[in-house]
Structure formats: structure tokens, C-alpha cells
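Here are my notes from going through the model. Have it open alongside and follow the points in order.

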Amino acid sequence: MKVILGIISSCIVSLLTSVLFPTFEVADRTVSTLYTVTGIMFSVGASLLVTSNASNVPNEKHKRAIRYEIFAILKKYILCFAIVTVIYIVFDSGKCIDVFGKFQWLHTHILLCTIVYSIVYFILNFVSIQQINRKIDDKVSESS
């Protein structure tokens with residue numbers, strides 16, 4: 001749910017920046033580069049999650065809890081990247097959205113805000129992945 005609220009908030013911010021800074025234009029290659037960074041961060045985060053392994057945790061209750069946490073973060077990663085990808089595909093056409101004939105909602109503002117949000121989101125989830133790995137180490141150490 002946080003992912004969807006974050007994307008909606010990013011769209012609202014992009015709408016405000018389009019109104020307040022209508023001449024601010026982001027180069028398409030900048031947006032493309034940032035989307036590539038998002039893809040790399042998604043890939044690294046998903047790889048870390050897939051390689052996180054709770055099999056050495058002897059307590060089944062703790063093992064299930066850790067696996068659930070890993071799966072929950074992985075679902076969030078996939079959802080965030082999927083939404084950003086759809087937004088990138090839809091708005092990369094270069095068209096602006098005319099809002100009530102009053103102003104233009106610039107496509108680059110939408111892309112920039114949502115992609116920057118996803119990058120921050122992935123960074124914050126790297127911390128969650130590290131906490132899960134520490135939890136796995138702690139649970140394995142408890143059993144020794």
C-alpha cells in the first residue's frame with residue numbers, strides 16, 4: 001500500500017511542479033538514465049532477496065516469519081518496479097496532459113518524480129534486506 005501511496009504522491013508533486021515550473025524541462029535521456037538506474041536497483045535488491053536464506057534457522061516459527069518478510073519485500077519490489085515501468089512506457093511518448101485547458105502536466109515531471117521516488121524506495125528497502133540478514137544471523141547464532 002505504501003508503494004501505491006508513494007506513486008500517487010509523486011504524481012501529485014509532479015502536477016504541482018508542472019504548475020509552478022512550467023518551463024523546467026528534463027531531457028529525455030536524463031529520464032531514460034534514471035529509469036536504467038531504477039532497473040539496476042530493482043535487480044540488485046531482488047537478487048539480495050532471492051539469495052537471503054533462512055534454511056539454517058532451526059526454529060520453524062522463526063524460519064516461516066523470516067521467509068514471509070523476504071517474500072513481502074520482494075512483492076513490494078516487484079510492484080514498485082512494475083508501476084514505474086508502466087508509467088515510463090505510458091508517459092515516455094513525450095505528450096503532455098492538458099488539464100482543464102488551464103495548464104500542461106508535463107510528462108517529464110511525472111516520470112522524474114515517480115522514478116526518483118522508486119530509487120528512494122529501493123534504497124530504503126536495502127536497509128530492510130540488511131535487517132532480515134541480521135535477523136537470520138541472530139537466529140542461527142541463538143541455536144549454536
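1. Start with the contact between helices α1 and α3. On the α1 side you'll find Val3, Ile4 and Ile7, and these meet Lys76, Leu79, Cys80, Ile83, Val84 and Ile87 in α3. By class, that contact comes out as eight nonpolar residues, no polar ones and one charged. Keep in mind throughout that this is a predicted model.

2. Now the geometry of that pair. Helix α1 covers residues 2-20 and helix α3 covers residues 60-91; their axes come within 9 Å and cross at roughly 30°. That angle makes α1 roughly parallel to α3, since anything under 35 degrees counts as such. As for handedness, α1 passes α3 in a right-handed crossing.

3. Next, α2 against α3. From α2 the contact takes in Val31, Ser32, Tyr35, Thr38, Gly39, Met41, Phe42, Gly45, Ala46 and Leu49. Their partners in α3 are Ile70, Ile73, Leu74, Tyr77, Ile78, Phe81, Val84, Thr85 and Tyr88. Sorted by class, the residues of this contact give 14 nonpolar, five polar and no charged. Val84 is worth a click: this α3 residue is listed in the contact with α2 and also in the one with α1.

4. How do α2 and α3 run relative to each other, roughly parallel or roughly antiparallel? Their axes come within 10 Å and cross at roughly 165°, and an angle over 145 degrees counts as roughly antiparallel, so that is what α2 and α3 are. The crossing of α2 and α3 is left-handed.

5. On charges: the structure holds two salt bridges. One of them pairs Glu60 with Lys63, with 3.3 Å between the closest N and O atoms. Both Glu60 and Lys63 sit in helix α3, three residues apart, or about one turn of the helix.

6. Last, confidence. The chain has a mean pLDDT of 86, with 98% of its residues at 70 or more.

How values were computed:
Residues numbered from 1 in each chain as written. Predicted model: local features only at pLDDT ≥ 70, side-chain atom pairs only at ≥ 80, totals over all residues. Heavy atoms only, no water. Axes fitted to C-alpha atoms, helices over the stretch in contact; angles between N-to-C directions. Helix = DSSP H or I, 4+ residues; strand = E, 2+ residues; numbered from the N terminus. Parallel < 35°, antiparallel > 145°, perpendicular 65-115°, else oblique. Left-handed = near helix turned anticlockwise from the far one by under 90°. Contact = heavy atoms within 4.5 Å. Nonpolar A, V, L, I, M, F, W, Y, C, P; charged D, E, K, R; others polar. pLDDT = per-residue confidence, 0-100. Salt bridge = Lys/Arg side-chain N within 4 Å of Asp/Glu carboxyl O.
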